[in-house]
Amino acid sequence: MLSDREVAERFIEVFYNQNRLTDAFAEWVHPDYIQHDPNSATGRDGTIEVLARHMEANPEMTHDVKRVIHGENGMVVVHYHFRRKPEDRGLAVVDIFRIKDGLLVEHWDVMQPVPESAKNDNGMF
Amino acid sequence: MKPQPGVLPWDTDAPPFDPRDIGNRTALSTREVAERFIQLFYVEDNPTDAFMCWMHPDYIQHNPNAPTGRDATLEVLAAAVANNPELSHDMKRVIHGEVKDGEGLVTVHHHFRRKLDERGWAVVDILRIRDGYIVEHWDVMQEIPETAKNDNGMF
């Protein structure tokens, strides 16, 4: 049995780094996983269909992972910069996952467009 | 001061503490610093005490709508609290990362509302803590939509 951290690392590699979203879900997400993203259906298979269309529509998409926080009880936080196209300002996103028995069983997220200008020079990441 | 049971849903076993006691800050763990800040900022809605006790004067702010540094940000936050007496941060979960080289990252997921009757925002704050201070802050905010494609809620 893999540790929660090992499961997270494998999912992160396939989903965020390789942009193989549907493969990552088929391999590491529980069929009955609980989805809290308001724009996605709950459960794995419905989400895989949505992700497949998303990949087809956005072949240049990237997930630039900025930091990962491995917490207790299988909780993992991924803070990243999502862009549909390389020239987009894109979105700042935080995904939170709960991992149990080798699978992702629950997911929350928040996303916010990266603005054109900011009140500080530190960037959103 | 020990918060009421249930006020610290992320750590009900926390020993009693005074969230304003900064006397021995460098002896506190990153978790203890986070708990004290969370109690003051999110539970008591007291940004002035939270910031003056636990935010480093030169902390690095990544929220694009706030200036960097403690005092400039505090000015913005204190005005927000004064203008929105019903403002609330409903804590949903806190995720403590591992401590490495004396520093750790803490994630706070909460429901922010300026008024009780608004849908409000889902917010994730990420805090970097070292030497008894919060030294860096990132956040992402998303407005809670009226309808969703699932019945699980955003939290």
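## The largest pocket

The largest pocket has a volume of about 660 Å³. A pocket here is an open set of points on a 1 Å grid over the protein atoms alone, with protein on both sides within 12 Å along at least five of seven lines. Volume is the space filled by probe spheres set on the points.

The lining counts 31 residues, where a lining residue has an atom within 4 Å of a point. N63(B), L77(B), F112(B), D139(B) and M141(B) lie nearest the centre. α3(B) gives the largest share, 5 residues. By class, the lining has 18 nonpolar, 9 polar and 4 charged residues.

## Basis of the model

This is a predicted model: local features need pLDDT of at least 70, side-chain atom pairs count only at pLDDT 80 or more, and totals for chains, interfaces and linings use all residues. Residues are numbered from 1 along each chain as its sequence is written, chains are lettered from A in the order in which they are written, and side-chain values use heavy atoms, without hydrogens and water.

## The second largest pocket

The second largest pocket has a volume of about 540 Å³. Its lining has 25 residues, and D37(A), S40(A), L51(A), H54(A) and M111(A) are the closest to its centre. The classes are 14 nonpolar, 7 polar and 4 charged.

## Helix α2 of chain A

Helix α2 of chain A spans residues 21-28; helices are DSSP runs of H or I, at least four residues, and strands are runs of E, at least two. Its buried residues (under 20% relative accessible area, 1.4 Å probe, protein chains only) are L21(A), T22(A), A24(A), F25(A) and W28(A). They sit on the same side of α2(A), because they cover an arc of only 160° around the axis, taken from the directions from the helix axis to the C-beta atoms.

Methods. Buried < 20%, exposed > 50% of the residue type's maximum accessible area, 1.4 Å probe, protein only. 1 Å grid on protein atoms, 1.4 Å probe; cavity = no way out; pocket = protein on both sides within 12 Å on 5 of 7 lines; lining within 4 Å. Nonpolar A, V, L, I, M, F, W, Y, C, P; charged D, E, K, R; others polar.
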